[in-house]
Amino acid sequence: MIVSELQYFPPLSFFSTLYRETYVDLDIYEIYRKMSFRNRCLIAGAQGIIHLSVPLLDGRNQQLPMNEVLISDTEKWQSRHFKSIRSAYNRSPFF
C-alpha cells in the first residue's frame, strides 16, 4: 500500500511506483501547501526548464484541504500547458 499526495503532472518515477503497488491511497484531505508540486510542474523544453502552474481561485495562500482548493478558469492555462507539453515531448515515443 502506498499513500501519496496529489500532484499535477508527477514525474515518471511516481508512475513506476504506482505500477508496482496493488493499493494506492491519494490523500485528498491534506492541507494545501504552497511551493509544492500540487499545482505546478517542471518539464524539459528545448530551451531549458519550463515552469507550468495551475492558477488557483483564491491564490496560493489558502489554508484549505486539497479537496476544497478550487482551480481558476479565468485564463486559458489548459491550452498553454498542453501546447508546452506537446512542443517539449511531441517526438518522444510515449507521447
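Let me begin with a question: is W77 buried or exposed? W77 is buried, with a relative accessible area of 10%, where buried means under 20%, exposed over 50% and partly exposed in between, for a 1.4 Å probe and protein chains only.

Before going further, please note that this is a predicted model, in which local features need pLDDT of at least 70 and side-chain atom pairs count only at pLDDT 80 or more, while totals for chains, interfaces and linings use all residues. Residues are numbered from 1 along each chain as its sequence is written, and side-chain values use heavy atoms, with hydrogens and water left out.

The structure holds 2 aromatic pairs, a pair being two rings of Phe, Tyr or Trp (for Trp the six-membered ring) with centres within 6.5 Å, called stacked if the planes are under 30 degrees apart, edge-to-face if over 60, and tilted for the rest. The rings of Y8 and W77 have centres 6.5 Å apart and planes at 80°, so this pair is edge-to-face. Because Y8 lies in the loop between β1 (2-5) and α1 while W77 is in helix α2, the pair ties together parts that are 69 residues apart in sequence; helices (H or I, at least four residues) and strands (E, at least two) are DSSP runs, numbered from the N terminus. F14 and F15 form an edge-to-face pair as well, at 5.6 Å centre to centre with 80° between the planes. Of these two, F14 is buried at 16% relative accessible area, whereas F15 counts as partly exposed at 43%.

Turning to the pockets, a pocket here is an open set of points on a 1 Å grid over the protein atoms alone, where a 1.4 Å probe fits, with protein on both sides within 12 Å along at least five of seven lines, and lining residues have an atom within 4 Å of a point. The largest pocket holds about 340 Å³ of space, a volume being the space filled by probe spheres set on the points, which are joined across faces, edges and corners. Its lining has 15 residues, with F9, P10, P11, L12 and F15 nearest the centre, and β3 gives the most to this lining, with 3 residues.

The second largest pocket has a volume of about 190 Å³, and its lining residues include Y8, Y32, R38 and M66.
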